[in-house]
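This report describes a protein structure, with attention to its charged residues and its overall architecture.

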Amino acid sequence: MVTKVFKYRLYPTKAQRTAMNDTLDACRWVYNKTLELRKEAWEERGESISRYETINMLPDWKREYPWLKQAHSQVLQEVCTRVDLAFQSFFRRCKADQNPGYPRFQGRGWYKSFTYPQSGFELLENERLRLSKIGNMKIVYHRPLEGEMKRLHIKRDALGNWFACFVVELEPEHLPPVSQVVGVDVGLEKFATLSNGDTLDNPRFFRQEEKDLAKAQRKLSECKKGTREYHKRRRVVRHIHRRIKNKRKDFIHKLSRWLVDNYQIIVFEDLDIQTMQDGNYRSMNKSIGDAARNVSFESSVEVMCSVLRGSKCPS
């Protein structure tokens, strides 16, 4: 069994947008309250509060703050789980002698998703999605949903668009084996050079949008923060960044699928892109970052290999 995510665009009404934003605010409050209690309990008394203890506090919080009731009960319970997972990751990084990154409090606008872990949602006919406490809204059902549905994430992006991400479990269908083996050398002049001599051009999406981005950023810098014009021009900057991101993502996934379809074994060189950008390559940072995110490319190929070929790509 493999886990797969199906992502669909949502088109809520104005009232539904308000309800979802209110749900995000309730989740953000619960997240910060849970983090505060666990932090104070450890610093003041040396006690560790479990996830179940914080979940049991939710009914009291709802009685004290009735506006929390506008969010589905399991959605708020999942927020306590998020805090617990954040602490588990923190302790894991501490043991591995990595930069631990203590869980942070979430400011306004930083909490951008909530989850229905078991119930509270239903796919209806005529491309409609029912969300408990929010209502029925239009969903762009552009491809069929496969597998056993486990949970649903509702996400808001930087432009204020909403998406439904269904997490499912299904049995993978492996591609028929082929005899081809290839090594991939990623670079800057060419996006990738294959061991058979073929080269793949670097599309340089950021360079294509650089002038438009610089112009939009100059206009943004002329505005006073917090004004209506400032928010309008900031949205333009975000839209350009999103356009670059979407182009990179589309390019990476199409190329990844082509490689997996045509080669049984795919080998990558072992590069630490983050160290390259943080080390002695500052003059090339922009070009390194513009190379369609080599780390994302390798990860995409590895995931497709494991699902479609049943094997892991060596580095």
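## Surroundings of a buried arginine

Apart from neighbours within four places in sequence, R28 is in contact with Q106, G107, R108 and Y111 in this predicted model. R28 itself lies in helix α1, which covers residues 14–45. Although R28 is buried, this arginine has no salt bridge.

## A positive surface patch

On the surface, K7, K155, K245 and K249 form a patch of positive charge. One of these lysines, K155, is placed in strand β6, which spans residues 148–156. K155 has a relative accessibility of 38% and therefore counts as partly exposed. The class follows because partly exposed residues fall between the limits of under 20% for buried and over 50% for exposed.

The two secondary-structure elements named above are listed here.

| Element | Residue range | Residue described |
|---|---|---|
| Helix α1 | residues 14–45 | R28 |
| Strand β6 | residues 148–156 | K155 |

## The protein as a whole

The protein contains nine helices and eleven strands. Of its 315 residues, 36% are buried. The accessible surface amounts to about 18,900 Å², and carbon and sulfur atoms account for 49% of this area. Considering contacts between residues at least 6 apart in sequence, 68% link residues at least 24 apart.

Conventions:
Residues are numbered from 1 along each chain as its sequence is written. This is a predicted model: local features need pLDDT of at least 70, side-chain atom pairs count only at pLDDT 80 or more; totals for chains, interfaces and linings use all residues. Side-chain values use heavy atoms; hydrogens and water are left out. Patches are made of residues with over 30% relative accessible area and no salt bridge: like charges are joined within 9 Å, nonpolar side chains (Val, Leu, Ile, Met, Phe, Trp, Tyr) within 5 Å. Accessible areas come from the Shrake-Rupley method with a 1.4 Å probe; for residues, only the protein chains shown count as cover. A salt bridge is a side-chain nitrogen of Lys or Arg within 4 Å of a carboxyl oxygen of Asp or Glu. Lys and Arg count as positive and Asp and Glu as negative; His and the chain ends are not counted. The place of a charge is taken as NZ of Lys, CZ of Arg, CG of Asp or CD of Glu. Helices (H or I, at least four residues) and strands (E, at least two) are DSSP runs, numbered from the N terminus. Buried means under 20% relative accessible area, exposed over 50%, partly exposed in between (1.4 Å probe, protein chains only). Contact means heavy atoms within 4.5 Å.
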